[in-house]
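Subject: Structure handover

Hi,

Here is the structure I promised to pass on. My notes on it follow below.

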Amino acid sequence: MGPWRGDRLSQHTKELRFVIYSLTPILLLFLVFLIIPIFWGIQLSFFQYDPLASSSPLIWFDNYVRMWKDPIFVKSFLNTFKYVFIAVPANIVITLAFAGMISRVRSARWRNFFRTCFFLPAIAPLSASALIWSTMLRSGGDGLFNMLLDKMGQAKVGWLTDGNTAMISIILMTLWADIAYNIIIFMAGLDAIPKLFYEAAEIDGANAFQRFRHITLPLLQRTTLFVFTMTVISYFQMFPQFQIMTRGGPKNETLVMALNIYNNAFSYSRMGYASAMATVLLIIILVISLIQIRVGRTQWEY
Amino acid sequence: MNIRTRSSQIWYFLMFGFLLLSSFIMLVPYLWMVLSSLKGNLEIIRSTDLLPHKVTFEGYKTVFQDAPFMHWLWNSIVTSTAITIVTVFTSALAGYIFAKFRFRGKQVLFIVILATMMIPTQILMIPSYLIIFKLGLINNLLALIIPSLISAFGIFLARQAIDELPYDLMESARMDGAGEFYTFLRIILPLVRPMLSALAIFTFMAAWNNYVWPLIVLNDTEKMTLPLALVFFNGAHVRNFNIIMSASVLVMIPVLVVFLIFQKQFIKGLSMTGFK
């Protein structure tokens with residue numbers, strides 16, 4: 001019995017050693033580049049931190065108080081919500097509709113063709129897409145959109161220079177660049193619904209809308225919740241197109257929180273203030289994630 | 001089996017036509033990019049037509065003359081490849097351990113790792129910049145590589161895939177006297193190859209397209225990666241945007257090739273992620 005036990009122990013030690021040796025470097029990277037920065041970032045938000053200044057006094061909640069009196073921050077806060085509230089529902093409706101249509105195409109080859117066409121924008125670097133769109137949206141006669149307006153006998157529009165159209169222009173660009181991922185996930189979700197349900201409903205005389213309302217929507221709830229949350233979280237942090245296409249202009253009409261935080265941290269080197277704004281963004285995203293977990297759980301209990 | 005009525009047939013063709021039209025609209029910006037890139041430096045300034053009057057490669061020539069384009073391409077290739085190889089490895093290794101080993105604190109560790117996926121870049125970027133600064137890595141490609149060698153999403157994906165493999169595999173390998181690392185490398189990894197290739201493509205694309213982080217840690221033109229360099233280069237040629245469009249075409253080609261080769265794995269991998 002002695003040697004047998006010893007053997008098992010050494011097997012256990014071997015496994016433990018493997019776990020420790022493998023996991024330590026990985027966890028160390030997590031610690032240094034994810035865990036520590038979170039707490040450090042929150043800590044910085046209580047300081048008047050400027051890497052170039054000689055001292056960085058602890059000012060507790062002053063940054064948080066100050067930001068709500070700062071019209072530029074308030075503007076960026078409202079713009080972020082405006083962007084998310086328009087772009088996310090538009091994204092969900094469009095992607096769900098296209099996923100439904102593409103998965104209904106009978107020939108597999110055409111289905112692949114459509115999927116590839118919709119997917120191409122998603123693989124391009126956002127910065128390149130933003131540049132392409134800024135040239136299409138040029139306010140002179142040399143941009144694509146104004147060329148088309150001109151052909152139709154309409155006046156030119158300053159797509160990115162007019163406060164009324166700038167945000168909508170960026171939302172259009174975002175939708176173009178970003179709908180592919182959600183289309184694919186929705187298509188997979190639709191694929192997982194047994195065809196039998198639809199055939200049974202058809203026999204019972206349910207029309208297309210009724211089938212969508214009573215079969216597709218309820219069975220797609222989990223997928224939709226997942227897609228919705230991921231899109232909201234990613235749109236709250238959207239940055240490249242705002243920085244490249246408008247730099248937040250005209251008159252801060254497209255200044256979102258992510259861009260404002262970047263400007264404060266790296267252009268004005270107000271890192272404490274920027275960290276406080278980033279902490280607000282963190283809280284918004286955490287609240288959304290918690291709501292998603294809550295809603296997901298209650299649905300599970302049905 | 002299914003009796004299709006006339007009206008449903010018409011609806012089908014309408015839908016098909018709509019999809020064709022939408023696909024074309026999705027491709028318009030690319031068409032615009034290619035057509036603009038073929039316009040001359042003089043023509044572009046007052047072009048009011050979609051098609052170039054005279055096709056020239058002036059734009060492309062200027063990119064190679066005025067900009068260290070090959071340098072940028074090389075920087076992108078080196079960083080993205082290094083990140084992809086190491087991240088796939090660390091994700092698979094951690095995923096394997098979280099799926100098949102028992103040790104104290106495992107659940108808590110895994111939840112903490114998953115939770116980091118929810119953290120916005122904006123809260124991380126200032127401290128990360130300060131860490132990179134203290135390590136003396138500003139303007140060094142290592143600043144792009146080192147923080148990206150791990151992926152919470154990758155660990156999650158790997159754990160899901162490896163979890164489904166039977167324990168017998170490991171047991172019989174151990175009976176044969178194989179070491180733990182050998183078992184992982186030679187027995188586990190080959191069995192989850194589809195997951196690994198999907199993860200490799202995701203990681204590569206994310207690394208290749210990354211804009212924010214390079215923008216923060218690189219300011220030397222020679223050190224830039226393509227997406228950042230493109231924007232930087234744009235500053236010098238706002239009016240002659242045929243040059244920027246030529247550069248964009250050149251940036252897009254490698255990603256396009258990778259995507260068209262691995263499209264199947266990519267789409268399959270993406271479908272996997274929808275079902276948590």
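Across the interface of chain A and chain B, the rule finds one salt bridge. Keep in mind that this is a predicted model.

**The interface**

On the chain A side, the largest share of what touches chain B comes from helix α1 (residues 2-44) of chain A, with 22 residues. By class, that side of chain A has 63 nonpolar, 16 polar and eleven charged residues.

The rule also finds twelve residue pairs in polar contact across the interface of chain A and chain B. In total, 90 residues of chain A are in contact with 97 residues of chain B. The area buried between the two chains is about 8400 Å². Carbon and sulfur atoms give 80% of that area.

**Salt bridges**

Over all chains, the count comes to five salt bridges. The pair Arg174(B) and Glu15(A) runs from helix α8 (residues 168-175) of chain B to helix α1 of chain A. Is Arg174(B) buried or exposed? Arg174(B) is buried, with a relative accessible area of 15%, because the cut-off for buried is under 20%.

Arg174(B) also forms a salt bridge with Glu171(B). Here the closest N and O atoms are 3.5 Å apart. Both residues lie in helix α8 of chain B, three residues apart, about one turn of the helix. An α-helix has 3.6 residues a turn, so residues three or four places apart point the same way. Glu171(B) is partly exposed, at 42% relative accessible area.

These contacts belong to a network of salt bridges that links Glu15(A), Glu171(B), Arg174(B) and Glu180(B).

Within chain A, Arg138(A) forms a salt bridge with Asp142(A). The closest N and O atoms of that pair are 3.1 Å apart. Asp142(A) counts as buried, at 10% relative accessibility.

**Helix α4 of chain B**

Which residues of helix α4 (residues 106-115) of chain B are buried? Lys106(B), Phe110(B) and Ile113(B) are. They cover an arc of only 60° around the axis, so they sit on the same side of α4(B). On the other side of α4(B), Val108(B) and Ile111(B) are exposed.

**Two buried residues in chain B**

Ser91(B) is found in helix α3 (residues 69-100) of chain B. Ser91(B) is buried, with a relative accessible area of 0%. Which residues is Ser91(B) in contact with, leaving aside neighbours within four places in sequence? They are Ser151(B), Gly154(B), Ile155(B), Ala158(B) and Leu199(B).

Pro227(B) is found in helix α12 (residues 226-234) of chain B. Pro227(B) also counts as buried, at 0% relative accessibility. Leaving aside neighbours within four places in sequence, the contacts of Pro227(B) include Pro125(A) and Ser127(A) in chain A. In chain B, Pro227(B) is in contact with Ser76(B), Trp208(B), Asn209(B), Asn210(B) and Tyr211(B). Ile138(B) is 89 residues from Pro227(B) along the chain, and their C-alpha atoms are separated by 18 Å.

Best wishes

How values were computed
Residues are numbered from 1 along each chain as its sequence is written. Chains are lettered from A and ligands numbered from 1 in the order in which they are written. This is a predicted model: local features need pLDDT of at least 70, side-chain atom pairs count only at pLDDT 80 or more; totals for chains, interfaces and linings use all residues. Side-chain values use heavy atoms; hydrogens and water are left out. Buried means under 20% relative accessible area, exposed over 50%, partly exposed in between (1.4 Å probe, protein chains only). Helices (H or I, at least four residues) and strands (E, at least two) are DSSP runs, numbered from the N terminus. The arc is that of the directions from the helix axis to the C-beta atoms. Contact means heavy atoms within 4.5 Å. Buried area is the accessible area (1.4 Å probe) that two parts lose on being put together, summed over both. A salt bridge is a side-chain nitrogen of Lys or Arg within 4 Å of a carboxyl oxygen of Asp or Glu. A polar contact is a pair of N or O atoms within 3.5 Å; within protein, one must be able to donate a hydrogen and the other to accept it, and residues adjacent in sequence count only if both atoms are side-chain atoms. Ala, Val, Leu, Ile, Met, Phe, Trp, Tyr, Cys and Pro count as nonpolar, Asp, Glu, Lys and Arg as charged, and the others, Gly among them, as polar.
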